Amino acid sequence: MKKKRNFLIPLCISLSIAYIILAARPLERELQFSPQWTIDATKVTQKKSTENASEQFAEAIPFKLGQTLGYFTKDGDILNIATFPYKAAISEHAYALYGTNDKKIPFFSPDGTKSGEISRTGFPFFMGDNRYLFLPGGASFAKISETGDIQWCYENYAPITAFSSSPAGCVAGYTDGSIISFTAEGKIDQTFKPGGSEYPIVLGAALSASGNLIACITGQNEQRFIIAKKSGKHTEIIHHEYLNKETTRQKLVKFSKNESTVYYDSADGLGIVDCKTGKSKKIKTAGHILSIQESTANNTVFVLSRDKKRYTVLVVEPFATAAGSFSFEANTACIAVKDESLFIGRDNEISKIQIMYK
């Protein structure tokens, strides 16, 4: 009996070790946040005369908080700030301060140097490398050159209710339900009317980086979310769904950088659609969505929403997985993403959080 027990003990140990080795699986990496710094967004902390100034401004991150805008580096240096009494437009490459009746609108590079001047009244819109001017009346807009000259102009009879830009061009949605996309040179690339609703107004639109896909929120009384694809000289609707709750407010719509996913603001929360499979999901958000930013860290997406003075940052991992959220009180806020870092602007402060997967 003793010999049998002596045999069973090492056998059980061997089987346990074998099971641990064969059944072991690598643990999935978890998203972790590491706070880096918090800076005062109202004071310039880096002089323009430094040797690497041009490099810093080329990589500068734009921000707009209340009536202040400017640029900062990922290392926490405020490179340039400006205050404005009425309206302002800003992107990675330019900014402009303007009023409702300005006949000339100068715009500047991130370092504050005047780049050009728009010699028409209107409302500038800057996004990436693109500069546009919405003309008085609300139905027409123009593409602006690097010096402020009008490159091309499109006039319509119906007011513009949705607009977005991408490297491929831009897309505009109108009160009559029409959706028109343009190439960077001003050529009409796609035009269609989704229909299907009692009132056809377009409340949100986005153009993918290649210009082949358009996503939009359209209609009242059977409001829909639609993805359309360019097919030769025609446009094919490849996805549509009716929204459970309708809204009368303009909505944010945005494609992922690789065009695999599109995100949109809805009354039910953050809508997410896989552009290839048509798989759709909604994630509850606190308030209406202000910004959607994509990180290079595992394609994680950060969504800033607002409910009165309470702001919430929702973290979304592929595909449509709510990884967590955090909230804070502020009068004004913004978010930005650079490489694998999340930047949060809150009133007069900007904070950096490193995004890591471990």
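1. In this note, a residue is buried if its relative accessible area is under 20%, exposed if over 50%, and partly exposed in between (1.4 Å probe, protein chains only). By that criterion, 48% of the 358 residues in the protein chain are buried.

2. The structure is a predicted model, in which local features need pLDDT of at least 70 and side-chain atom pairs count only at pLDDT 80 or more, while totals for chains, interfaces and linings use all residues. Residues are numbered from 1 along each chain as its sequence is written, and side-chain values use heavy atoms, with hydrogens and water left out.

3. The protein chain contains two helices and 31 strands, taken as DSSP runs numbered from the N terminus (helices: H or I, at least four residues; strands: E, at least two). With contact defined as heavy atoms within 4.5 Å, 40% of the contacts between residues at least 6 apart in sequence join residues at least 24 apart.

4. Strands β6 (residues 95-98) and β7 (residues 105-108) run antiparallel with two bridges, and a hairpin of six residues joins them. Here Tyr-95 is the bridge partner of Phe-108 in β7. β7 is also joined to β8 (residues 114-118), antiparallel, by four bridges, with Phe-107 partnered by Gly-116. Five residues lie between β7 and β8 in their hairpin, and Gly-112 in that turn has a positive phi of about 95°.

5. A nonpolar core is a set of buried Ala, Val, Leu, Ile, Met, Phe, Trp, Tyr and Cys residues joined through side-chain atoms within 4.5 Å. The largest such core has 16 residues, and those with the most contacts inside it include Phe-302, Tyr-311 and Ile-344. At least two of its residues come from each of β26 (301-307), β27 (310-317), β29 (333-338), β30 (341-346) and β31 (349-357). Beyond its neighbours within four places in sequence, Ile-344 is in contact with residues including Phe-328, Ile-335 and Ile-353. Another core, of 14 residues, lies apart from the largest one, and Leu-213, Ala-215, Val-253 and Tyr-264 are among its members.

Definitions and conventions: Two strands pair if DSSP finds at least two bridges between them.
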